[in-house]
Amino acid sequence: MFEVTDHGRVREIRLNHPPVNAMNPAFVSGLAENLKQAAASSDAVVVSGRPGMFSAGLDIPHLLNLDEAGMKAFWSGFLGLLHTLAHMPVPTAFALTGHAPAGGIVISLFGDYRVMAAGNYKTGLNEVQVGLVVSPVIAKALVRLIGPHPAEKILVPGSLLSPEQALEIGLVDELAKDPEATVAKALKWCDHLLSLPNNAMSITRRMMREDLCAEFDDSNDIASEEFVELWYSKTTRSTLEALVDRLKNK
């Protein structure tokens with residue numbers, strides 16, 4: 001599911017779970033483990049995807065087959081992945097190599113920097129469109145990144161955005177001309193940070209990310225219970241099943 005490449009002091013973790021890098025329990029736990037290993041052996045990390053597709057988000061067909069206990073375990077693992085990203089001790093950039101809706105963009109909210117490929121790609125937190133809500137810690141990370149009103153404008157209707165629109169509101173930090181160029185730009189950003197006096201950069205980075213890390217201190221099981229309860233509601237299930245049917249017919 002992952003290809004690991006070391007670029008000097010920077011480790012690239014490339015998502016490679018065809019066709020759309022969908023997130024199931026094995027994917028989530030595998031990415032968390034790769035991030036922990038990278039943090040222990042590298043000075044910076046880049047998370048990239050397949051050309052044209054960073055990640056389509058949750059693996060809906062797989063997750064629909066889980067029982068309630070399985071779904072609770074998955075969601076706990078997903079929040080654990082976000083915790084790992086928020087607490088990464090080294091700079092972590094995301095090379096969004098194509099489409100990055102829902103969970104694809106969500107995981108990048110907890111990194112330091114986001115480069116997205118320009119082109120006919122979409123990103124955004126479209127959970128409402130499929131009958132879901134984001135966890136409070138995700139909503140707060142979005143507000144931290146782009147501000148309260150812009151976050152409300154895209155989160156409530158579940159809007160999908162072009163790379164240019166995402167750049168305009170600050171959902172991504174930079175655009176690249178094509179998928180592979182996103183990796184080069186993300187690596188360049190990492191290399192620039194690593195060229196700075198290390199102690200000053202690291203301490204300042206940690207200070208500026210304290211608010212993001214603190215969001216996990218305030219989290220509790222209620223949000224997870226609400227998510228799972230909504231997941232099994234009649235309206236959400238029918239919406240998700242219809243989505244799976246549409247994808248099968250494409």
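Start with Arg11, which counts as buried because its relative accessibility is 15%; buried means under 20% relative accessible area, exposed means over 50%, and partly exposed lies in between, with a 1.4 Å probe and protein chains only. This is a predicted model, where local features need pLDDT of at least 70 and side-chain atom pairs count only at pLDDT 80 or more, while totals for chains, interfaces and linings use all residues. Residues are numbered from 1 along each chain as its sequence is written, and side-chain values use heavy atoms, with hydrogens and water left out.

What does Arg11 pair with in a salt bridge? The partner is Asp6, and the closest N and O atoms are 2.8 Å apart. By salt bridge I mean a side-chain nitrogen of Lys or Arg within 4 Å of a carboxyl oxygen of Asp or Glu. Asp6 is partly exposed, at 45% relative accessibility.

The structure holds 11 salt bridges. I will take two further pairs and a network.

Glu68 and Lys72 form a salt bridge at 3.6 Å, N to O. Both sit in helix α3, residues 68–86, and because they are 4 residues apart, about one helical turn separates them. Helices here are DSSP runs of H or I with at least four residues, strands are runs of E with at least two, and both are numbered from the N terminus. Glu68 is partly exposed at 43%, and Lys72 is partly exposed at 33%.

Next, Lys185 and Glu174 form a salt bridge, with the closest N and O atoms 3.1 Å apart. This pair links distant parts of the chain, 11 residues apart: Lys185 is in helix α8, residues 179–194, and Glu174 is in strand β9, residues 174–176. Lys185 has a relative accessible area of 31%, and Glu174 has 22%.

As for the network, salt bridges link Glu12, Arg14 and Glu180.

Now the helix pair. Helix α5, residues 136–146, packs with helix α6, residues 148–155, at about 125 degrees, and their axes are 7 Å apart. Axes are lines fitted to C-alpha atoms, for helices over the stretch in contact, and angles run from 0 to 180 degrees between N-to-C directions. The two helices, α5 and α6, are therefore oblique to each other; under 35 degrees counts as roughly parallel, over 145 as roughly antiparallel, 65 to 115 as roughly perpendicular, and the rest as oblique.

On the α5 side, the contact (heavy atoms within 4.5 Å) is made by Ala139, Leu142, Val143 and Ile146, and on the α6 side by Pro148, Pro150, Ala151, Ile154 and Leu155.
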